[in-house]
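Good morning, and thank you for coming.

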Amino acid sequence: MPASRLDSDIASKTAELAAVARAYHTLHESSQLFRDGLAISMCGPVWRTILSSRILIWFVTRVLMRRVMPIVPIIYTRARFGEDCLEAALEDGVTQLVIVGAGYDTFAFRRTDLGEKLVVYEIDHPATQEMKFRRMMAAGISKPANARYVKCDLSAETVLNALGRTDFDAAKPAVFSWFGVAYYLDEATVQRTLSDLANGSAAGSSVVFDYLAAADSVAPEFRKLRKNVTEFVARRGEPMLSDINPENVPDFLRKLGFSEIDNLEPGRVSERYPDDRLDLKFPPIFGLCRAGLAG
């Protein structure tokens with residue numbers, strides 16, 4: 001969810017590509033790190049046609065999008081990381097999940113088993129939310145009773161401010177899921193968002209997110225991929241505006257107020273989520289992180 005104006009009527013293109021990546025992984029890859037059988041219903045008609053045809057999907061992945069295909073594993077790996085962190089939080093009694101920049105995330109209606117124990121708050125740009133609602137309706141998917149949908153522009157409003165318009169209980173711990181968002185925001189907005197969560201959330205809360213590694217911290221052989229990816233999203237009107245040296249992440253978060261930090265630097269993600277396939281491996285240009293507040 002890039003920081004676009006609330007009055008814009010354009011749904012996020014990168015949010016749709018994330019849904020496409022989850023659907024592609026579920027439908028076409030034999031090694032299953034993360035399964036999302038509902039992701040295809042969140043894709044537009046053109047992408048659904050492509051995903052349903054082996055010939056078309058081959059042409060798109062091997063020809064049209066060949067230069068950025070190595071980035072696909074970040075999409076489903078971060079989803080797996082986030083849900084692993086959530087499962088651990090549920091065992092500790094957390095009952096609130098806030099998905100910041102939810103896009104076409106399917107968690108609320110995919111994990112119906114958690115409907116009675118977890119309230120899900122989806123925060124995003126209204127144009128993307130409205131498109132999501134239309135696709136849910138077309139697929140016969142109802143809005144879950146435990147889901148709340150919140151309009152927000154992070155460049156103009158904080159997450160906790162937006163949640164103040166709902167039944168969110170700030171006195172209780174929550175997991176804040178913030179994937180595919182931070183690097184589309186400027187550094188000041190990223191810092192303000194994380195600081196707000198660190199200082200305004202209840203003890204026991206945590207935020208899980210991914211980040212773009214600064215160019216000079218990326219191994220030389222992967223700098224071209226990083227350049228390809230940043231140029232690819234910029235051409236779609238959603239440029240990446242911030243990055244960070246992975247080594248600086250823990251100190252950055254501690255200064256903001258977080259005390260429990262699990263920083264999976266780009267080169268270490270594959271250690272936790274190994275993948276033996278030769279064609280697609282986790283690209284070491286994005287890191288994953290969980291930052292928590294001591295309970």
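Which residues in α1 meet which residues in α4? Before I reply, a word on the source: this is a predicted model, in which local features need pLDDT of at least 70 and side-chain atom pairs count only at pLDDT 80 or more, while totals for chains, interfaces and linings use all residues. Residues are numbered from 1 along each chain as its sequence is written, and side-chain values use heavy atoms, with hydrogens and water left out.

Helices (H or I, at least four residues) and strands (E, at least two) are DSSP runs, numbered from the N terminus. Contact means heavy atoms within 4.5 Å. From α1, Ala 18, Ala 21, Arg 22, Tyr 24 and His 25 meet Val 72, Ile 75, Tyr 76 and Arg 78 of α4.

The axes of α1 (residues 13–28) and α4 (residues 72–91) come within 9 Å and cross at roughly 85°. Axes are lines fitted to C-alpha atoms, for helices over the stretch in contact, and angles run from 0 to 180 degrees between N-to-C directions.

I turn now to the sheet. Its 7 strands form an open sheet with mixed pairing, in the order β3-β2-β1-β4-β5-β7-β6; two strands pair if DSSP finds at least two bridges between them. Because β3 (147–151) and β6 (260–264) each have a single partner strand, they stand at the edges, and one side of each is left without a neighbour in the sheet. Neighbouring strands of this sheet are turned by 15° against each other on average, direction ignored.

Strands β1 (residues 96–100) and β4 (residues 175–178) pair in the parallel sense over 3 bridges. Phe 176 in β4 is the bridge partner of Val 98.
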